[in-house]
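Please set out the fold of this protein chain for a reader who works with coordinates, giving the criterion behind each term.

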Amino acid sequence: MLFPCAGACEPGQRVIIVEDVVVSGESLLEVITTLRKNDVVVEDVFCLFDRDQGGKKNLADEGVTLHSLLNMETALAFLYAVDRLTQEQFDDIVTSLHLPFKELTKIDVNWEMEEQQ
């Protein structure tokens, strides 16, 4: 039996799921459950942005590793470093989204490197 993917998946085949944004991972887990019922092996998900709202843990609980290009904590730290986010705004975002971190990670931006591009 073939299962439709980006192409066709065969039983025993290993696949990687690519997603744009991961929040809780619930919709991904539905897809993973369906794939696994069809004997497709899913162990990794790649995403552009992890919103740090439980997706990584929820996927890990099901034996799936989430790999992200960027996460909410890093995005907020960058915005703060380039003076586009205040401490108060950071606190409001963390509180309203129930994010798992409470302290702002400090990063340095090398403006010389930014200007050369």
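## Salt bridges

K57 forms a salt bridge with D61, and the closest N and O atoms of the two are 2.9 Å apart; a salt bridge here is a side-chain nitrogen of Lys or Arg within 4 Å of a carboxyl oxygen of Asp or Glu. Because K57 and D61 are four residues apart in helix 2 (residues 55-61), they are separated by about one helical turn. K57 counts as exposed, at 54% relative accessibility, where exposed means over 50% relative accessible area, buried under 20%, and partly exposed in between (1.4 Å probe, protein chains only).

A search of the whole structure finds two salt bridges. R14 forms a salt bridge with E43, with the closest N and O atoms 2.3 Å apart. This pair links distant parts of the chain, R14 lying in strand 3 and E43 in strand 4, 29 residues apart. R14 counts as exposed at 54% relative accessibility, whereas E43, at 34%, counts as partly exposed.

## Basis of the model

The model is predicted, so that local features need pLDDT of at least 70 and side-chain atom pairs count only at pLDDT 80 or more, while totals for chains, interfaces and linings use all residues. Residues are numbered from 1 along each chain as its sequence is written, and side-chain values use heavy atoms, with hydrogens and water left out.

## Overall fold

The protein chain contains five helices and five strands, which are DSSP runs numbered from the N terminus (helices H or I, at least four residues; strands E, at least two). Read along the sequence, these elements follow the pattern β-β-β-α-β-α-β-α-α-α. Of the 117 residues of the protein chain, 30% count as buried. Among the contacts with a separation of 6 or more, 56% are between residues 24 or more positions apart, a contact meaning heavy atoms within 4.5 Å.

## The sheet and its helices

Three strands form an open sheet in the order 3-4-5 with parallel pairing, two strands being paired if DSSP finds at least two bridges between them. Strand 3 (14-22) and strand 5 (65-71) are the edge strands, each of which pairs on one side only. From one strand to the next, the twist averages 20°; axes are lines fitted to C-alpha atoms, for helices over the stretch in contact, and angles run from 0 to 180 degrees between N-to-C directions.

Strand 3 pairs with strand 4 (residues 41-50) in the parallel sense over eight bridges, and V15 stands opposite V42 in strand 4. Helix 1 (residues 26-37) packs on the sheet, where it touches strand 3 and strand 4, and its direction makes about 165° with that of strand 3. Helix 3 (residues 72-81) also packs on the sheet, touching strand 4 and strand 5, and its direction makes about 10° with that of strand 5.

## A buried aspartate

D50, found in strand 4, is buried yet has no salt bridge, and the nearest side chain of opposite charge, K56, is 5.6 Å away; in this scheme Lys and Arg count as positive and Asp and Glu as negative, while His and the chain ends are not counted. The side chain of D50 does reach the backbone nitrogen of D52 at 2.9 Å. Leaving aside neighbours within four places in sequence, the residues in contact with D50 include V22, L66 and S68.

## Positive phi angles

D39, in the loop between helix 1 and strand 4, has a positive phi of about 60° although it is not a glycine. D39 counts as exposed at 52% relative accessibility. D83 is found in the loop between helix 3 and helix 4 (87-97), and its phi, near 60°, is likewise a positive value in a residue other than glycine. At 66% relative accessibility, D83 counts as exposed.

Definitions and conventions:
A polar contact is a pair of N or O atoms within 3.5 Å; within protein, one must be able to donate a hydrogen and the other to accept it, and residues adjacent in sequence count only if both atoms are side-chain atoms.
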